[in-house]
Amino acid sequence: MKIDTLAIHAGSDPADASAGPVIPPLQLSTTFRRDEEGNFSSGYMYTRHGNPTRTALEKCLAALEGGEDAACFSSGSAAAMAVFQALEPGDHVIVPEDMYMGIQNMIREVMTRWQLEFSFVNFDRIRDYLKPRTRLIWIETPSNPLMKVTDIRAVTALAAEKGITTVCDNTFATPVFQRPLELGADLVMHSSTKYMGGHSDVLGGAIICRQRGDFFDRIRQVQTLGGGVLSPFDCYLTLRGIKTLACRMRVHDANAMQLAGWLAAHPQVEKVFHPGLPHHPGHETARSQMSGYGGMLSFLVRGGRAEAMKLINNCRLFTHATSLGGVESLIEHRASQEGPGSLSPENLLRVSTGIENIDDLIEDLERGFHN
């Protein structure tokens with residue numbers, strides 16, 4: 001089935017319930033009855049171990065990414081942490097130098113205490129950073145916030161040659177526009193808070209595997225024993241959001257592409273970071289592995305931090321807020337959010353382009369520049 005159809009039907013089987021509901025019911029129970037033999041013949045015993053609503057979401061996400069299985073967590077950060085916790089002390093991990101600051105902070109402040117070694121690298125020189133104990137390569141493409149593009153095929157081919165597991169954060173692109181498992185990745189990570197949920201009202205994360213194996217089994221073990229699982233109600237909301245994922249993403253993509261072009265020609269903008277623009281250094285790679293470029297972009301405002309903050313505060317439709325992927329447009333001064341250690345320029349603004357009318361969004365920014 002095509003992605004539009006999968007988003008609506010994957011994980012849903014009306015025959016699973018006696019009443020035959022078209023929409024899978026929300027199952028809130030935390031515990032499940034044993035049969036006469038004392039076994040859990042239904043397959044469920046306790047919601048930390050498994051829940052029918054979470055199973056539906058995990059099946060849906062696995063189908064969307066073309067994977068064999070998925071594990072859903074209480075947040076994208078919890079999902080990422082489970083991957084690192086599945087490693088062994090002394091293992092070496094390669095991560096991109098431009099990546100989501102929340103995971104960077106997790107690595108520096110928490111995971112290094114687990115005796116894991118991390119290298120933040122430019123992926124153009126990734127071979128230079130391989131070590132005998134390299135066990136994992138973490139890919140984020142397009143990256144947050146500079147929208148750098150990584151050649152997934154090239155990195156996963158190198159990793160396979162060396163027996164290294166690869167994980168691709170596909171939050172920005174979503175499976176509508178990019179399918180990392182088909183490009184050779186072993187695992188895909190999502191902050192389902194973003195485009196999957198799509199309405200800025202539900203937190204969640206997921207890891208999807210191309211094939212079940214020992215490493216994914218360890219991730220599943222962390223999910224079960226650690227208990228950082230997604231609640232049934234949040235699973236239900238995420239499933240509901242996914243049903244409109246494909247059509248939402250096409251509007252996000254079209255709006256961001258038009259907005260990026262408009263900003264690139266604006267006299268008060270120094271530079272625009274968007275992989276759909278022909279001058280973007282990763283444009284050709286993005287074209288080869290993406291069918292669309294998503295709703296995210298960043299740009300540099302002439303005049304430094306003061307002018308960037310002035311623009312934000314003059315906007316009426318763009319909300320000054322963290323996060324992304326909702327139907328509403330957000331704008332953010334990324335260096336302020338990331339705090340000490342941020343590599344984001346002080347005049348950089350990150351935009352999550354919503355699905356409003358593009359003319360209204362452009363008018364809002366134009367007014368912001370001139371007020």
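How many Å separate the centres of domain 1 and domain 2, taken over C-alpha atoms, and what lies between these domains?

Tutor: This is a predicted model, in which local features need pLDDT of at least 70 and side-chain atom pairs count only at pLDDT 80 or more, while totals for chains, interfaces and linings use all residues. Residues are numbered from 1 along each chain as its sequence is written, and side-chain values use heavy atoms, with hydrogens and water left out.

The chain is assigned domain 1 (3-241) and domain 2 (245-370); such bounds come from an automatic or database domain assignment. Taken over C-alpha atoms, the centres of domain 1 and domain 2 lie 26 Å apart.

Where the domains meet, 32 residues of domain 1 are in contact with 40 residues of domain 2, contact meaning heavy atoms within 4.5 Å. Between domain 1 and domain 2, about 3,000 Å² of area is buried, and carbon and sulfur atoms give 62% of this area. Buried area is the accessible area (1.4 Å probe) that two parts lose on being put together, summed over both. Within domain 1, the residues that lose the most area to domain 2 are M147, F177 and Y195, which together account for 27% of what that side buries.

The side chains of D4 and R250 form a salt bridge, with 2.6 Å from N to O.

On the side of domain 1 that touches domain 2, α1 (3-9), α5 (152-162) and α6 (174-177) each supply at least two residues. Helices are DSSP runs (H or I, at least four residues), numbered from the N terminus. The largest share of that side, 3 residues, comes from α6. The residues of this side of domain 1 divide into 17 nonpolar, 10 polar and 5 charged. Here Ala, Val, Leu, Ile, Met, Phe, Trp, Tyr, Cys and Pro count as nonpolar, Asp, Glu, Lys and Arg as charged, and the others, Gly among them, as polar.

Conventions:
A salt bridge is a side-chain nitrogen of Lys or Arg within 4 Å of a carboxyl oxygen of Asp or Glu.
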